[in-house]
Amino acid sequence: MNTAELYSDASFKPIAERVLRRGLDLHQYKASFVGRRLEVRLRARGVDNYQKYAAILDEDPSEYAVLFDALSINVTEFFRDEAVFDAFSRFIVPEMLARSNEVDLRIWSAGCASGEEAYTIAIALTEALKRLGSAATFTVLGTDVSKRAIEVAKLAKYPFSSLRKLPERVVSEYFRPSPEEGYYEVGRKVRDSMRFSSGDLVLATRPTNVDVIFCRNVLIYMGREVQAKLFTRFYRALNASGYLVLGMTETIIGAPAGVFEARMQRERIFQKR
Ligand SMILES: C[S@@+](CC[C@H](N)C(=O)[O-])C[C@H]1O[C@@H](n2cnc3c(N)ncnc32)[C@H](O)[C@@H]1O
């Protein structure tokens, strides 16, 4: 089903309205994506049309959380695309420190899923500041539309297997074994620098005075218009000369492309002009 078809389908509207009242605007996503995800939920609940599914949402509000999960592909990992965090540590962090006496950096992980990206940023930043002998402090704000993902992020407990990409030293310095066998927890030092909250990137109040925004592997699910709107929101959220880091297959489209400079093309690192 194409965008016009799904979004003008009268039986889809009651679902969109209900979901919007819970804080998520379905129209931001490509219709093919929403259509496929809804089909999965319809099948799982044993119904064959949108009217029946809207009735399920009314009878069983716990279905909202499952639908939100189905809509958010929460796939993520620590140090996903290592080269990006390497470029951030080696080039962006020294540049930020050289530019101002501002010693309290604010980094936003927008669409942070279960927190791995946000903790990766905090670890990479701690390591960089240590290497540079800097006394700068920082806060990493992690936001995601999935409340469940944010709960996991706040818990900061991950299976040991998810730490496989990290050098042993990093694991022993930033994690500690959890009382639950097979799991590790992020250490207190890093956790104290984190703030997690749930919310839709398009609808929720956006953070302000941010030095770097990581929004990786989120925009791929969104239509062009919504992407353009988000770039404008990101532009406003950023401090002067702030940075925007996208996923490896993403780029800035439309008018906002002119207000960002591509600083590191391969790593998808852009800077506010
Ligand atoms: C594939 S994950 C990417 C996670 C992480 N940024 C990374 O690159 O590893 C996409 C995340 O975007 C979140 N997401 C999708 N639409 C969103 C929206 N409108 N507002 C906030 N988060 C959203 C999903 O819930 C999901 O956790």
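Two residues are taken to be in contact if their C-beta atoms, placed from the backbone, lie within 7 Å. The structure is a predicted model, in which local features need pLDDT of at least 70 and side-chain atom pairs count only at pLDDT 80 or more, while totals for chains, interfaces and linings use all residues. Residues are numbered from 1 along each chain as its sequence is written.

The protein chain is divided into domain 1 (3–71) and domain 2 (82–272), with bounds that come from an automatic or database domain assignment. The C-alpha centres of domain 1 and domain 2 lie 30 Å apart. Contacts between them involve 11 residues of domain 1 and 12 residues of domain 2. On the side of domain 1 that touches domain 2, helix 5 gives the most, with 3 residues; helices (H or I, at least four residues) and strands (E, at least two) are DSSP runs, numbered from the N terminus. The residues of this side comprise 5 nonpolar, 3 polar and 3 charged. Ala, Val, Leu, Ile, Met, Phe, Trp, Tyr, Cys and Pro count as nonpolar, Asp, Glu, Lys and Arg as charged, and the others, Gly among them, as polar.

In helix 5 (residues 62–71), the buried residues are Leu67, Phe68 and Leu71. They lie on the same side of helix 5 because they cover an arc of only 100 degrees around the axis, the arc being that of the directions from the helix axis to the C-beta atoms. A residue is buried if 20 or more other C-beta atoms, placed from the backbone, lie within 10 Å of its own, exposed if 12 or fewer, and partly exposed in between. The cover over the buried residues of helix 5 includes helix 3 (31–44).

Leucine 42 lies in helix 3 and counts as partly exposed because it has 16 C-beta neighbours inside 10 Å. Leaving aside neighbours within four places in sequence, leucine 42 is in contact with Val47, Asp48 and Tyr53.

Helix 11 (residues 224–237) has 14 residues and reaches 20 Å from its first C-alpha to its last, close to the expected 20 Å, which is 1.5 Å times one less than the number of residues. Gln227, Leu230, Phe231 and Phe234 are buried in helix 11. They share the same side of helix 11 because their arc around the axis is only 105 degrees. These buried residues pack against strand 7 (210–215) and strand 8 (238–246), whereas the face turned away from the buried side carries the exposed residues Glu225 and Arg236.
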